[in-house]
Structures are given as structure tokens and as C-alpha cells.
Amino acid sequence: MENRNNALHYKMYKSGKSIVYAGLATTAALAGLVLANTNATAVHADTNAPQSAQVASTSATPAEIQAAQNNVNSASAALTSANANLSQAQAQYNQTASLNSGVAAVESAANANQQASDNVKSAVHSYNVAAANQVKAKTAQEEASQAVEQHSAAKNLNIWQAKVDGLKSQLDSANAALPAAQKNLSEAMTTMNAIHAQAQVATAEVEPLGEHLQALSKAVENADGYVATQAAQRAYDSYNKNVFTPANARRLSLIKSYKNAQKVVAGYQEEVNKLTAPLSEHVEGSIAQIQASMEYNQRQVNQYQKFLDDLAKANNALAEANAALATAKANRDNAFTAKTAAHNNEVSVRSDYNIPTGQGLTQLSDAAVAASAAYQSASDAANTDATYQAYKDAQTAVNAASDALKSAVNDQSDAQNSVKSAQVKVNSAQAALTSAADAVASATSGTPEYAEAIANQAKAAADLDAATGQLTDMQAWLADANSAVNWRTAALNDANTRLANATSAAQKTIDKLADLKSKMDAAQSKYQLNLKNFNDTKDLRAAIEAAQKNLDNAKANVQQAQAAYNQAVKTLNDLKNGGSTVTPDQPSNPDQPSNPSDNDQNNNGSTTDNDQNNNGSTTDNDQNNNGSTTSNGSSTTVNGSHAAVIAGNGTSNKVSFASTSASYAATYNEAAKSDSKVLPQTGSENSAAVVALGAVSAMFGLGLAAKKREF
């Protein structure tokens, strides 16, 4: 039965596999057709045209076109406003630059005064640095001199050097004596060993002779009778005199020579040991001891020499620091003198050219002070008014109630966290108790394991009780904290109600104070604004720099507004032309400002092409600007678009602007030319049907594959 099923499955698999292959082949063929059709939809007539991003879409809806039109209107208004601001900034700059005929003189005097101030700062800084360096050099010299005084031996450096030289001579002598002593020791040991060998040989020879002599002595003792005794005695005496005594005398002589040789070796050994003794043994006259003494004294010589060298360097550094300080002091004095002269000259020049005084500024200052005094007086009076004071107290109460509620909420959060932590401990203790009970149940009664399990169970029960008690305490704390939050919330609501009532009762005083404060702020703002204008008039350089900055910002704003407007118009036209959006190769930005020509004379902030004294106008000699013109920062609308923008760069005494013309019409015509090079797309209607057919075929093939897997 199983084999039949396997065979059936294999047949179904083969059949399904063929169907899947057919479905996949159909899908691949249809995908190739779709890709080929897609690649043929963007054929350009001119292969040399710049590449542009092409995004095909359906026709734009009226709502999209209206939104694009609103965007164009908004961008147009922004561009108009930016051009107006540019014209105003240009006029302000021209007015500042031509404040009076004394601009150049005042500017020159102010620059000279500022430069003198900078020179004073630099000179004072240099003097301070030189003074600090002189103090450091003097301190270093005193320390070096004190070091020499504290080490009087430094003054007698020659004596210490003589000690080093003497020890070096001793070291040389000891190093020379050591080889001779070692040689003598070696020779003496050789001689001693030779004598010792001879003495051993002589001793070996005497021993049998002594034994024979002892035998002769016994023979004398054992002789029987006088004659025999005399004969034995004569034999003993003759042997002792002629044989034993000479041999023994030679042995004793060799032993004595050996002992003398030992003394000679010991003497040479002592000499060698003395010369080679390690430093730790502190042997006087040893090479190590002489070497250490010489090195110690050499270190002293080096240290004392360093003290003398440091003192010499410190003396030279102090002399240089004193000279530098004197030079810096002279430069500082000269800088102060020059600063005084430059300041007096600026005051004189401003007086000569009648620069406005601060009388008007003083009046505004008095008005600001009076407004501030009026507000302060009203504020003091309000503080004595019970109704207003009740309002302030109610406001304070609201703040206090709010802070108390925040504290209660924080306490509530802490209590909640503590309850969670205590609950975790209870759960852990409960689990431990359950585990201990299981251990008791699994242990055998009467065994040590059982007793230990019982003890663990008791401890786990105690831990659970403690954890449960702590959880109860934390829950009580949380209940109190919740009550406190509810109470504090009610208190804050009550305080807010009282504040609302107090505010209503004191509204007249509140409004009066707000009005007086508004007037005080306005008076102070007016004074600060006029103070700035006064300072601008008093300091023409700052005024020109501020005007230049405003002018540069206005130009940048116009450039941004122009680019935004060009993009908005292009987007609108693209939507009107069928919803095909074409990204231009490059954004339409005004040309970069050119630098002013050195040949322009007295043009006061304008650029002229071969023209003088045009006072801020801009002449464009480009004949191919597609009908757009710009002059004095204004804009001209051509077919609903703004023309190009004035761009340039102003300077303090001569401001020049480079005019540019880049109308939207030219930009749009260029985009239209690029669009015209795109051939119409034919066959896009068929591509959808082909894709659908391919998708159906693929789904059919995949469905059959799925059916195959069911078998």
C-alpha cells in the first residue's frame, strides 16, 4: 500500500513539475516584453541634450493646480517683499555712507583710535607677559643661587674632583694588583700541592719502617739472655739510626714545608679576597669599595656642577627677562601716548564736523527713567492695596499648592515602587517556602537532610512573614500617599478658584500695572533703539558695517525668494502641461555678485556700465534678457513671473552692485525646449494589459505548484 502511494505521489509530482515550468516560462517571457516596452518610453530626439529627470504621472487635478497657483502667489509676494527690503537696505546704506562730508575724516580718526586701542591692548599684554616672565626668571635665579649656597661644597668643586681623581688612581692600582695577586696565589697553591704530594709519599714510606722498628723493639724485649738482648738492641739502634730516623726526618721536613706553603697560600688568598670582596662586605681597599666611593664622589661633583650650571643659566635668563621687560615697558608707554593722541584727534575731528550730541538721547533716557519710576510707584502702591495683595497671596498659594501636589505625586510614585518591590520579595519568599516544603516532603524523616530541610522551611516561613509585613507597611504607605494626592489635588483646585476670584477683584490694578509696564517697556525700547541710532551716528564705521550686513542679508533673501518663485512657477506650468514634472538641469539662481571696479568714482552703492554718479541705479546692457528688466531692487512681472534680481556687494565708502537679468520666461522657454525633445510615449496602454496577463499566468503556475505540494 505504501509503495502504491509513493508511486502516485511521484506521478503527480512529475505532472505538477511540467505545469510549473510552463508557468515560469510564460512569466519570464511576459516580464521581458514589459521591460522592453518600458525602456522604449523615453526616447529623445536629440541625444546631445542635457539629461533631465523624467517622472511620468497622470494629469493634475484642479485642486493640485490651485495649490500650485497659491504657492506661486505666495512665492511672488515673498519675492516682492524681499525686493522691497533690498531697496530699503540699499537706501539705508547709501544714507549712512553719505551721512556728511566728514565721513572719511571721522572714519579715519575712528580707525586710528581703534588701532591705537588695539595697540595698547597688545602692548599691555606683552608687558604683562614680560613681567610674568621676569618674575619667573628672578624666582628661578634665587632658587639656583640658594641651591649653591646650601651646598657649600659646590664652591669647592676642585677638592671633590681631587678626591675623585685619587680614588680613580687607587682603583687603577687595585685593578693592576689583582692579576699579580691571583698569579701568586695560583703559583703558591701549585707549590703547596706538590709539597703535599711529596709529604704523602714520605709518610707512606715511613709507615712500614716504623712497623719494622717496632718489631725490632719487641725483639729486644723478648731476647733471652744478655748476649741476645745486646744483639737485638744493636740491631734496633742501627735500624733506627740508619733507616727509620732519616726517613722520618724527611717526612717531618716535608710536613713543615707544607704548612709553610699553606701560610703563603693563605696570605695570597687574603690579598685576592680583599681585592675582590663584594661591596656588601664593606672591605676597605676592595675594588668594589673603591669603585663605589669614586662613583659617589663623582655624583657629588656632577650635582655640584649642575648647581653651578643652573645658576649660570638662571643669571642669563634673568638678564634677558629684565631686558625684555624694559623693552615692553617702553612699548606700553609709547602705546598709551599714541592712544591719548588718537583719542584727542577723534574728539577734535568729531567736533570740527559737528557730529550730533547726546541731548536728544538724554531726553529719551529721562523719559524711560520717568516711565520706570511711574511703574515702580504704582507697583509700590499696589503692594499696599489689600485686594491686590490678596491676588498676590492667592497666586503664591497656587504655586505652593502646585509644589505640594508635585511632592505628593512624587511620594505616591515612591510608595508605588516600594509596594512593587515588597511584592517581589513576598513572591520570592513564597517560592522559597514552597521549595523548602518540597524538600521536607522528599527527605527521609530522621536523617540529617530531613533536619536541614525542616530548618530551611522554618527560615523560609520567617522570611515570608517578614516580607508580608513589609508589604503591608508599604501598602499602608501607598494608601496614605494616594489620600495625600487626592487632598493636594483638591487643595490646588480650591487655590485656583480663590486665585480666579482674587484676580477678578484686583483686575483694575492688574490692568493698570500691565499698562504702566507696557509703557515702561516701550519707553526703554525706544531709548535703546535711539541709543543705537545715536551710536551709529557717533560711530560711522559701526553704522556702515550694520548697513552692509543688512544689505547682504537682503540680497541673500532675494536670491532665495527668486529661486523659490522660479520653482513654484515651473511646477505650476508642468501641472498645466499634463502633469509631467521635469526637474531642470540646474536651479535658476541669480548670478553671483561681481566685485566693484576700482575705476568707479562716487557711485554711492551702484554699478554702472560706463556710467558715473547714478546714485544706486542699475543699468543692464544685456540685449537678450527675454523682456525682463530690473532697477533699484524692484521686480518686473513677465507672464506672471518675476524678473531677475539685483545682486552685489557694498563697501564702506563705495558700494557696487552687479546687475543680473534672468527672467522666468527664458527659464520656462528653455524647459519647454527640453520637453519638446522627448518623443511621445506610445504603447503605455498595452503595457498594463501585458503586465496583468503575466501576473495571471504567474499566479496560475504558482497555484499549480502549490497543488503539487498538497500531494
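Author: Let us begin with a charge and a ring.

Reader: What makes Arg332 count as lying over the face of Tyr127?

Author: The distance from Arg332 to the ring centre of Tyr127 is 4.0 Å, and the rule asks for NZ of Lys or CZ of Arg within 6 Å of the ring centre and within 35 degrees of the ring normal, so Arg332 is described as lying over the face of Tyr127. The model is predicted, so local features need pLDDT of at least 70 and side-chain atom pairs pLDDT 80 or more, while totals for chains, interfaces and linings use all residues. Side-chain values use heavy atoms, leaving out hydrogens and water, and residues are numbered from 1 along each chain as its sequence is written.

Reader: Why is the aromatic pair of Tyr388 and Tyr391 called tilted?

Author: Rings of Phe, Tyr and Trp (its six-membered ring) pair if their centres lie within 6.5 Å, and planes under 30 degrees apart are stacked, over 60 edge-to-face and the rest tilted. By this rule the count comes to 1 aromatic pair. In that pair the centres of Tyr388 and Tyr391 are 5.6 Å apart and the planes make an angle of 40°, which falls in neither the stacked nor the edge-to-face range and is therefore tilted. Tyr388 and Tyr391 are both buried, and being 3 residues apart in helix 8 (residues 386-442), they are separated by about one helical turn.

Reader: What makes Glu107, Gln141, Ile195 and Tyr93 count as buried?

Author: Buried means under 20% relative accessible area, exposed over 50%, and partly exposed in between (1.4 Å probe, protein chains only). Glu107 counts as buried because its relative accessibility is 11%, and Gln141 because its value is 18%. Ile195 at 16% is likewise buried, as is Tyr93 at 0%. Over the 711 residues of the protein chain, 29% count as buried.

Reader: Where are these residues found, and which residues lie across from them in space?

Author: Glu107 is in helix 3 (residues 103-150), and its C-alpha is 9.0 Å from that of Glu346, although 239 residues separate Glu107 and Glu346 in sequence. Gln141 is also found in helix 3, and, with neighbours within four places in sequence set aside, it is in contact (heavy atoms within 4.5 Å) with Leu311, Ala314, Asn315 and Leu318. Ile195, in helix 4 (residues 157-222), is in contact with Leu254, Ser257, Tyr258 and Ala261, again leaving aside neighbours within four places in sequence, and its C-alpha is 9.5 Å from that of Lys256, 61 residues along the chain. Tyr93, in helix 2 (residues 62-97), has its C-alpha 6.8 Å from that of Ile544, at a sequence separation of 451 residues.

Reader: Why is His282 called exposed?

Author: The relative accessibility of His282 is 65%, so this residue counts as exposed. His282 lies in the loop between helix 5 (226-276) and helix 6 (287-352), and it has a positive phi of about 55° although it is not a glycine.

Reader: What does the model show over the spans that UniProt gives as "coiled-coil region"?

Author: The unreviewed UniProt entry places this feature at residues 65-92, 137-184 and 304-331. Residues 65-92 are 100% helix and 0% strand, with end C-alpha atoms 40 Å apart, and residues 304-331 are also 100% helix and 0% strand, with end C-alpha atoms 41 Å apart.

How values were computed:
Helices (H or I, at least four residues) and strands (E, at least two) are DSSP runs, numbered from the N terminus. UniProt positions are given in the numbering used here, feature names are shortened, and annotations may be inferred rather than shown by experiment.
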